[in-house]
Amino acid sequence: DQPRSRGLGDVYKRQEGKYVKVLVFSDSHGYNMSMAYAIEREKPDAVLHLGDHTDDADDIRRAFPALTIYHVRGNNDFDMDVPLFAVVTVGGVRMYLTHGHRERVSMLHSGLVPARAREEGCSFAFFGHTHRMMAEREQGVFVCNPGSISLPRGGPASYARLDIEGGMVRTLELVDEDGALLRKESFVRK
């Protein structure tokens, strides 16, 4: 039996200092095939699932047992063993994960997410709930909503892809369900 979620201190050390690819999904609402196709196509080192439905993260874990998966509970999730938020370190990058409904996110605002991420010492924060993509720097934290992989609002079905190398996020891309680029943020100084 695999553990249901990783502890806050679990650092993804085996890839630290190397290239790490992370996929970020939210609001799958029982539609797992797009996530499974993306994982099969992209072969990530880790997946972050931001809630609504945590059972979907469990299904993905069963389908890809070697894959590291972190997940948090959304407003449509009732498994008390899954945390409402998590702080994880992947590839040397500390990240704040939440669904966002408790942090008062809205269609046009990331609510309390940037402040909570700063309190936790995170340089990146990810949330869902609105089913709308967004990516911007707020209060010194880069905040991203990958949109919804299954039930998008105001755009295509989407997810986020992070490329981490040497303990730093190199790029964050918002992509459609087929992996086509919608928006790219680069964090590499030239």
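What radius of gyration would a compact globule of 190 residues have, and what does the protein chain have? I keep in mind that I am reading a predicted model. For a compact globule I would look for a value near 16 Å, and because the protein chain has 15 Å, the two agree.

**Overall dimensions.** I looked up the extent of the C-alpha trace along its principal axes, and it spans about 40 × 35 × 35 Å. The secondary structure of the protein chain comprises three helices and twelve strands. I find that 54% of the 190 residues count as buried, and that the accessible surface comes to about 8,800 Å², with 49% of it belonging to carbon and sulfur atoms. Among contacts with a separation of 6 or more, 53% are between residues 24 or more positions apart.

**Nonpolar cores.** Next I asked which members of the largest nonpolar core touch the most other members. In this core of 26 residues they are Val22, Leu48, Met95, Leu97, Phe126 and Leu172. The elements that give two or more residues to this core are strands E2 (20–25), E3, E5 (85–90), E6 (93–98), E7 (124–126), E9 (141–146), E10 (158–165) and E11 (168–176). Apart from this core I noted another, of 15 residues, which includes Ala38, Phe64, Leu67 and Tyr159.

**Helix H2.** Which residues of helix H2 (residues 54–63) are buried? I list Thr54, Asp56, Ala57, Asp58, Ile60 and Arg61. Their cover includes helix H1 (33–42), strand E3 (46–49) and strand E4 (68–71).

**Ser28.** My last entry concerns Ser28, which sits in the loop between E2 and H1. Is this residue buried or exposed? Ser28 counts as buried because its relative accessibility is 0%, where the cut-off for buried is under 20%. Its side chain is joined to that of His49 by a polar contact of 2.9 Å. Leaving aside neighbours within four places in sequence, I find Ser28 in contact with Met35, His49, Gly51, Asp52, His53, Asp56, Ile149 and Ser150.

Technical notes:
Residues are numbered from 1 along each chain as its sequence is written. This is a predicted model: local features need pLDDT of at least 70, side-chain atom pairs count only at pLDDT 80 or more; totals for chains, interfaces and linings use all residues. Side-chain values use heavy atoms; hydrogens and water are left out. Buried means under 20% relative accessible area, exposed over 50%, partly exposed in between (1.4 Å probe, protein chains only). Helices (H or I, at least four residues) and strands (E, at least two) are DSSP runs, numbered from the N terminus. Contact means heavy atoms within 4.5 Å. A nonpolar core is a set of buried Ala, Val, Leu, Ile, Met, Phe, Trp, Tyr and Cys residues joined through side-chain atoms within 4.5 Å. A polar contact is a pair of N or O atoms within 3.5 Å; within protein, one must be able to donate a hydrogen and the other to accept it, and residues adjacent in sequence count only if both atoms are side-chain atoms. The radius of gyration is taken over C-alpha atoms; the globule rule is 2.2 Å times the number of residues to the power 0.38. Accessible areas come from the Shrake-Rupley method with a 1.4 Å probe; for residues, only the protein chains shown count as cover.
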